[in-house]
Amino acid sequence: MKTISENRCFGGVQGVYSHPSKACDCDMTFGLFLPEEAADGPVPVLWYLSGLTCTHENAMVKAGAQGWAAEQGIALVFPDTSPRGEGVADDEAYDLGQGAGFYVNATQAPWAPHFRMWDYVAEELPGLLGKEFALDMERQAITGHSMGGHGALTLAMGLKGRYRSASAFAPICHPSASEWGRKQLGAYLGEDEATWARHDATLTLRDHGFDGPMLIDVGTDDQFFDHLGLDAFAGAVAARRCEAVLRLQKGYDHSYFFVSSFMEDHVGFHAEALYA
């Protein structure tokens with residue numbers, strides 16, 4: 001593992017690191033904020049998964065999460081959204097290929113050799129973090145924005161008992177029925193839609209539920225509202241009678257101005273679960 005940068009931040013340290021990834025067969029970069037309490041022992045962990053076109057850096061510099069995490073003594077992990085580099089497949093469209101990993105393990109050419117973001121976020125990166133940093137991997141929570149909200153919800157439901165809570169900002173929560181989803185799931189996983197279900201938060205929630213609390217925020221002026229599938233997800237929440245709060249925030253759009261406006265709420269929400 002290589003240290004790219006470390007900066008003092010709200011009494012803690014905001015670091016950026018790279019490492020060779022076996023899951024993605026390339027070098028991967030991630031951001032990690034460690035609060036001041038990490039100097040005295042392991043601290044709980046909140047994962048933040050970013051959306052289309054983003055790297056580890058977008059949320060790290062735009063979401064305003066570090067200050068709230070410092071108040072709660074919580075670490076923040078900012079993974080990249082896809083494999084990158086020479087020899088890694090890509091597409092001219094912004095919503096497929098590099099920057100658009102969709103947090104799945106691709107099975108189709110040309111994506112399969114590198115696009116294994118599920119394994120990277122679920123197994124490889126947690127293993128590295130637990131070994132190298134003062135993190136309490138028994139206390140984890142997860143959040144994300146847009147495509148990252150999709151990843152946060154599907155990982156939370158797919159890895160039973162891993163995360164104590166899950167939240168999302170404007171998540172793509174029914175991708176198998178969305179323009180943001182059918183294209184990517186078909187490209188990465190093939191035409192058999194049965195293989196898509198575990199990567200569709202609405203279908204997974206409907207079939208398996210989620211044991212922890214959930215918080216979802218979406219802006220009423222989100223320019224991509226119709227791509228998100230919020231109505232279907234709300235129906236699954238009601239059908240399963242899950243512990244969930246879904247909020248429509250009047251006048252907000254899909255941007256990081258929206259995300260940063262409600263970040264305090266989300267960090268506080270996860271802190272309650274992590275310290276319960």
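Okay, let's start at Ala170, which sits in the loop between strand S7 (163–169) and helix H5 (179–189). Helices (H or I, at least four residues) and strands (E, at least two) are DSSP runs here, numbered from the N terminus.

Quick housekeeping: this is a predicted model, where local features need pLDDT of at least 70, side-chain atom pairs count only at pLDDT 80 or more, and totals for chains, interfaces and linings use all residues. Residues are numbered from 1 along each chain as its sequence is written, and side-chain values use heavy atoms, with hydrogens and water left out.

So, Ala170: it isn't a glycine, yet its phi is positive, about 45 degrees. Is Ala170 buried or exposed? Buried, with a relative accessible area of 0%. Buried means under 20% relative accessible area, exposed over 50%, partly exposed in between, with a 1.4 Å probe and protein chains only.

Now Asp25, another non-glycine with a positive phi, near 55 degrees. Asp25 is in the loop between S2 and S3, and it's exposed, at 52% relative accessible area.

On to the strands themselves. S2 (residues 12–21) and S3 (residues 26–34) pair antiparallel over 9 bridges; two strands pair if DSSP finds at least two bridges between them. Val16 has Gly31 in S3 as its bridge partner. On the other pairing, S1 (residues 2–9) runs antiparallel to S2, with 7 bridges joining them, and Arg8 stands opposite Val13 in S2. That hairpin has 2 residues between the strands, and Phe10 in the turn has a positive phi of about 50 degrees. As for cover, 8 of the 10 residues in S2 are buried.

Last one: the peptide bond joining Ala109 and Pro110 is cis, with omega about 0 degrees.
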